[in-house]
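These are my notebook entries on one structure.

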Amino acid sequence: PEAAPELAADLHTIAAKYVQATPGHFHAFLRDAVRAHAATVAETGRRLDRLNSALTCWRAAKTAAAQLKWATANAGQIAAQQKKAAVKAKADREALEGRASELNDELTAALKSGDAATQDSCREELGAISQRMDDLDEANRRAKETSLAQGDAKGIAERRSTVAVQFAEALTADAVRWACEYEGLKAARENACRDALLAGAAGSYLGCLDPEPRLELWEAWRKRIDAVLPLSEPAALEDAPQQPSHGDQDPNALVVATLGALRDTLEWRLGALYKDEPGSGVSAACTLLTVRWPLLIDPLRVARKFIMRCAVATGPQRGTFVDEETGEREPGVLSCRIGHADFSETLADALHGHWLIVEGVGEAPLPFELLPVVQGGRAVAPKNFNLFLIADDDSVSARLRGCCNVVKIDPRAALSSRAMWECVSSNELPSLASTLDRL
């Protein structure tokens, strides 16, 4: 929409009341928002095409069932007509046989009396009757063949019609679900700009805030954006059960789902993500899905555990090494501390496709060889490379804050494994909720 640039500037201005919003924040915010918007539009377009194809298949099945039903009725009607024609031909032949018998009697009498005129007329009429009977026999034979053929066609059409009707009826329940999903995807495509702006802003500004200011800033953004881009809801369908829409009230689900596609983030969501209020969904998105590298403020020193869980969860996707003796997959994570002698060697190894944890940020200036990596962000990073800068406290330079995504790690409200599963299944994989209940 034309109002998107103005909205982005307004969101940046609102965020400046809560954080030290720099041009670097705004630049990263715009890049994340544009990337998320393009990915959302493309993905919803693909899914809409697939659903449209499925609905077209269902409509074709219903049309085929109706056509086969008509073909069955038409074949039955033709068979009945041919059967009636055969009965009529048989009756006409019997009448001709009776007339031929009468003519034979008249011819016999004429032969005895020597009446030549009567003999000629009888013979002529008998010849016509014989020809007519041959024609009736041929018509009767064709009618029987046609009746049998139409009977077979009727049987085939009935069987095909039964299959088509069963197929169409089986698809009807799915068609209602497809129609609901179709409307939901249309609403998601209409909300793509709104979601991208909110998610991009959250990825750039929310990570450095505590839980309460996070929610306050999120609500301030929503209030501003509602005035220009109101939330679009899916159309109501009479045959479909309606579920309440949460819209963008939950920043965790929206930010993670918008900044990262489900197929790309499912592994670490199931393997690493715990929900807190407002959840580590925002913190995880700021850590793993934004264009700038994260600077994790971790006074309790729990960030390494979270990163290792993510690395293990995404190991198969990244193709990490599997130990032949133990059969366990290596996480593919290297770590070093600023000021150590082996820092340059560790960084060079990590740039070949490993995750790198750099601790001790703020205790000493960043090494010269690390500066271009930090400033370039994920846009210029090698494949499968990930950088995590960890500081024990909030005393980091303003320059480093301007080129990194500051994230405060707060594990106070982490839930159990079952609660994490319930969160993921209810928000992202509704079909797993019923399976989890049965298990």
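Which exposed residues does the face of α1 turned away from its buried side carry? I noted that the model is predicted, and then I looked up that face: it carries Pro 5 and Glu 6, which are exposed.

**Entry: helix α1.** I recorded that α1 covers residues 4-15, twelve residues. Its span from the first C-alpha to the last is 16 Å, close to the 16 Å expected at 1.5 Å a residue. I then listed the buried residues of α1: Ala 4, Leu 7, Ala 8, Leu 11, His 12, Ile 14 and Ala 15. Looking down the axis of α1, I found these buried residues within an arc of 160 degrees, so they line one face of the helix.

**Entry: aromatic pairs.** I found five aromatic pairs in the structure. One of them joins Phe 26 and Phe 29, whose ring centres are 6.0 Å apart and whose planes stand at 65 degrees; the pair is therefore edge-to-face, as planes over 60 degrees apart count as such. Both residues belong to helix α2 (residues 23-113), and because they are three residues apart, about one helical turn separates them. Phe 26 is partly exposed, at a relative accessible area of 24%, whereas Phe 29 is buried, at 0%.

I next looked up Trp 293 and Phe 385, an edge-to-face pair with 5.5 Å centre to centre and 85 degrees between the planes. This pair links distant parts of the chain, 92 residues apart. Trp 293 lies in the loop between α8 and β1, and Phe 385 in the loop between α11 and β4. Both Trp 293 and Phe 385 are buried.

**Entry: aromatic cluster.** Finally, I noted that Phe 26, Phe 29, Tyr 205 and Trp 221 form one aromatic cluster.

Key
Residues are numbered from 1 along each chain as its sequence is written. This is a predicted model: local features need pLDDT of at least 70, side-chain atom pairs count only at pLDDT 80 or more; totals for chains, interfaces and linings use all residues. Side-chain values use heavy atoms; hydrogens and water are left out. Helices (H or I, at least four residues) and strands (E, at least two) are DSSP runs, numbered from the N terminus. The expected span of a helix is 1.5 Å times one less than its number of residues. Buried means under 20% relative accessible area, exposed over 50%, partly exposed in between (1.4 Å probe, protein chains only). The arc is that of the directions from the helix axis to the C-beta atoms. Rings of Phe, Tyr and Trp (its six-membered ring) pair if their centres lie within 6.5 Å; planes under 30 degrees apart count as stacked, over 60 as edge-to-face and the rest as tilted.
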